[in-house]
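Hi,

Here is the model I said I'd pass on.

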Amino acid sequence: MKTSLSLMTTLAMMLACAPAFAAAELPLEKATLTEPPNVPPPITRTSAAKVLVELEVIEKVGQLADGVDYVFWTYGGTVPGRFIRVREGDTVEFWLMNHQNNKLPHNIDLHAVTGPGGGAASTFTAPGHKTRFTFKALNPGLYIYHCATAPVGMHIANGMYGLIYVQPTTPLPKVDREYYVVQGDFYTEGDFGAKGGQAFSMKRAIDENPSYVVFNGSAGSLTGDRALKGKVGETVRLFIGNGGPNLVSSFHVIGEIFDKVFTEGGSRPQENVQTTIVPAGGSAIVEYKLDTDGTYILVDHSIFRTFNKGSLGMMKVEGGQNKDVYSGKELDESYLGDESVASAVLPNRPAAAVAKAPTAKPDAAAGKSLYMANCSMCHQQNGEGIPGAFPPLAASDFLNNIANKNRLDLVATVLKGRTGKITVNGKEYNGVMTPVSGLGDADLATLLTYVSNQWGNKAPAFSKDEIKKLRDAVMTAAPAAPSPPH
Ligand SMILES: [Cu+2]
């Protein structure tokens, strides 16, 4: 009796668990695909399905940055392409459609596919055609997909990549928010910020010298109104990819520590990570909790890419400051170090950049070297800025035309930084100026007097006392702006 019961149980279990029916007998469902930065909802099914994925290739003009047009080649009309979410063990029927207005053939290599070329040869599709192949999602994880049509590098460089997440049979714990962010490097004939239509530069691409390094296909795709959002107390999961084609990303969120990172999109998490490497053609899943409010900046910590090539995104977190976690600035008072120590340690330091005993009349040479040391890398030596990225200070209406408010605004901009939309001389900017710290009242007076009396600007000189008053006013006002990278 006992024996036969256990035999029956075993038989019943075998029947219940028998997974390997032909794919045709699996329940059929259509995958929900999402545009960046959105992620399809978690799959709640507990058994395999046959999942239909339809992805359309669209070649179209978009913006690489403000006023910079570029012909992108896309999966679904965006860079990165549509986010695909399936479940480990699913059978995926994959359709690639190449729109009839496109000029080129394309295909797709999904790194989630086991089989030659990841689907590339099977999906080679001429304009005005569609192709199909089917694969089984054997391995869970986060995978890049990309075009693999010759010249492969060019197809990828033009934006043909995205992420497919094969959700493990035991899913990751639920979080409050999931987002989709993919870095990519772009190669234009003109330098960063050069306006108008920009052609692809094969030379730059081969030299691995991108003019743009961006998240989600354009500088500013995740800033201002398009910033990612969150609330204090929530948990966040970012599905990060790197389309390349060339650069490896040092992905970091300024002001956050990743509680968990599934490095390279794999199955086992590392804990308490500051910066994670995302290889070209690779991914990472990062998770963190939002503990206090403010703007958190997503960067490639190869930091010139962030401040000079566009790899800067934002997550705006609301819900109040948690003073136990982060106090904000508690104190700023004068400090006078021993001059002889400073000059002994740093004999080559340019004299004018060193904080001197306050002089009554700020001088232009000192102002210039302070400007060169603190502002010129963004606003440029001649104060003309960089179109689309850094607004001009030269003949800037912002600096000169806000009647009496401008003096306070200028000091606030320098001390607290500035972010959000701003119109300068009729052109809109939407960037991030990080706060400039470490300048005493006398130096700041010298610097701002210089800035407001150069390149066609005209304003009364700032005195040390005036700066002190303005600084007090700024520092007691509401907090703003992100902290600089650390
Ligand atoms: Cu292609």
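Predicted model: local features only at pLDDT ≥ 70, side-chain atom pairs only at ≥ 80, totals over all residues.

**The copper site, a helix and a pocket**

At 0% relative accessibility, H106 counts as buried (buried is under 20% relative accessible area, exposed over 50%, partly exposed in between, with a 1.4 Å probe and protein chains only). C147 is buried too, at 0% relative accessibility.

Residues are numbered from 1 along each chain as its sequence is written, and side-chain values use heavy atoms, with hydrogens and water left out.

Back to the metal. The copper ion is held by H106 (ND1), C147 (SG), H155 (ND1) and M160 (SD), at 2.0 to 2.5 Å; donors are N, O and S atoms within 2.8 Å of the metal (3.2 Å for Na, K and Ca), and sites may look incomplete since water is not among the atoms. The donor residues follow the spacing H-x40-C-x7-H-x4-M. H106, in the loop between β5 (91-98) and β6 (109-110), and C147, in the loop between β8 (141-146) and α2 (152-157), are 41 residues apart and link distant parts of the chain. Helices (H or I, at least four residues) and strands (E, at least two) are DSSP runs, numbered from the N terminus.

Further along, helix α10 (residues 441-451) has 11 of its 11 residues buried, so the rest of the structure largely encloses it. Its cover includes α6 (364-374), α8 (397-400), α9 (405-416) and α11 (464-476).

In the loop between α7 (376-379) and α8 sits S396, which counts as buried at 2% relative accessibility. Leaving out residues up to four places away in sequence, S396 touches V424, N425 and N457 (contact means heavy atoms within 4.5 Å).

Finally, the second largest pocket is lined by 37 residues, with S218, A219, G220, S221 and R226 nearest its centre. β2 (50-65), β3 (68-75) and α4 (304-309) are the elements that give two or more residues to that lining.

Cheers

How values were computed. 1 Å grid on protein atoms, 1.4 Å probe; cavity = no way out; pocket = protein on both sides within 12 Å on 5 of 7 lines; lining within 4 Å.
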